[in-house]
Amino acid sequence: MTSTRSDDIAGSGVSETETRSPRTPRTPRTPRTRSVWLVLLTIGALSVLLWGVRIGGVSDLIDKDQTRPAMYTLDIVLNGAWAVQRDYQGDIASKPPLPVWISAIASILTGGEVERWSLALPSLIGVGGVAVFGAWLGQRKFGGMAGVWAGLGVLCTISGEKLIALVRTDGFFALTVALGGVAAWRAWRTGRGWMWFWLAGAAATLTKGPLGLILAGIGLLAIVWEWRTSRKLAGAPPSDARRARATGVRVLLDHGAGICLFLLLCGGWFALASHTAGQDFIDKVIGDELVGHAVESGKGAFPLSNFYKQPLYFI
């Protein structure tokens, strides 16, 4: 019996070792996984180190319009003004309060003193988060060194070094836009996960207004000329009408849930703030900020008329 089986295997051209069932390697954490985590932890540690160096230096709170977020944080800590914050002159805050909430919570949890580090904590979360997220995404898509350079590219530029400790919304806003943009791209490729896009859009809106939702989703304009690709990526070939309809319903339900979450978070804050401050809040946020900036820039020029200056300044 054994000889006959050996002859059959030999005659078929297949070795006896190939007929054995392969063993599944028991490696729950491969070297690649460990290297990914090592890079992410390194980029995160460098972010905290850079932030600490900036925080430990000479304070520049009186420059670059950083005093207003500091006063808004004080208003929350001292007066409990979570919905609407005011400065020392009584003027209502022109921006949504998510970064200020983070600073206020950090201050309250550490004894109720508003310190320099708590004011700059949202910027560390924002810029450091973009660096770590860029490193993770770069490794995932293009390899290990691409992730390293992506993270260092965020931290080692003038913008990253400046924003990581700046007491303003810009650094945290960058993180919400980056997360929203990647979430939209992933949802477009897979046909699911749109709720994460709307959640990131809600965070961006609660940071600097609805501009964040627009910036995160502007890449979706590619759907206009990539509609065939989007159907294939979502798993609905043009010839399979039934599967296409099922995919469409799933996407609509996903969008519906995400929009409801967006309206609950952003609309809930807006309703509470309107109830607290009344018409003054609406005039400030809607009239002066949203409509005013859409019609005219802060220096009197038409919006986007000086768009070429920022790239030249950066260069």
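Are W198 and F262 buried or exposed? I looked up the accessibility of W198 and F262 in this predicted model, and both residues are buried.

**Entry: the pair F133 and W136**

I then turned to the aromatic rings, and I found 7 aromatic pairs in the structure. I took F133 and W136 as one of them; their ring centres lie 5.9 Å apart and their planes meet at 20 degrees, so I recorded the pair as stacked. The cut-off that matters here is that planes under 30 degrees apart count as stacked. I located F133 and W136 in helix α5, which covers residues 116–142. The two residues are 3 apart, about one turn of the helix. I noted F133 as buried because its relative accessibility is 19%, and buried means under 20%. For W136 I read a relative accessible area of 33%, so W136 is partly exposed.

**Entry: the pair W198 and F262**

I returned to W198 and F262 and examined their rings. The centres are 5.8 Å apart and the planes stand at 65 degrees, so I classed this pair as edge-to-face. I placed W198 in helix α9 (residues 194–208) and F262 in helix α12 (residues 241–277). The pair therefore ties together parts that are 64 residues apart in sequence.

I also asked which residues are linked with W198 and F262 into a cluster by ring pairs. I found that W194 and F197 join W198 and F262 in that cluster.

**Entry: a charge over a ring**

I next checked K208 against the ring of F173. The charged end of K208 sits over this ring, 5.6 Å from the ring centre.

**Entry: backbone of K64 and D65**

Finally, I looked up phi for K64 and D65. Most residues other than glycine have a negative phi. For K64 I noted a phi near 60 degrees, a positive value in a residue other than glycine. D65 likewise has a positive phi, near 55 degrees, and is also not a glycine.

Where does K64 lie? I found K64 in the loop between α2 (31–56) and α3 (67–79). D65 is found in the loop between α2 and α3.

Definitions and conventions:
Residues numbered from 1 in each chain as written. Predicted model: local features only at pLDDT ≥ 70, side-chain atom pairs only at ≥ 80, totals over all residues. Heavy atoms only, no water. Helix = DSSP H or I, 4+ residues; strand = E, 2+ residues; numbered from the N terminus. Phe/Tyr/Trp six-rings, centres within 6.5 Å; stacked < 30°, edge-to-face > 60°. Buried < 20%, exposed > 50% of the residue type's maximum accessible area, 1.4 Å probe, protein only. Lys NZ or Arg CZ within 6 Å of the ring centre and 35° of its normal.
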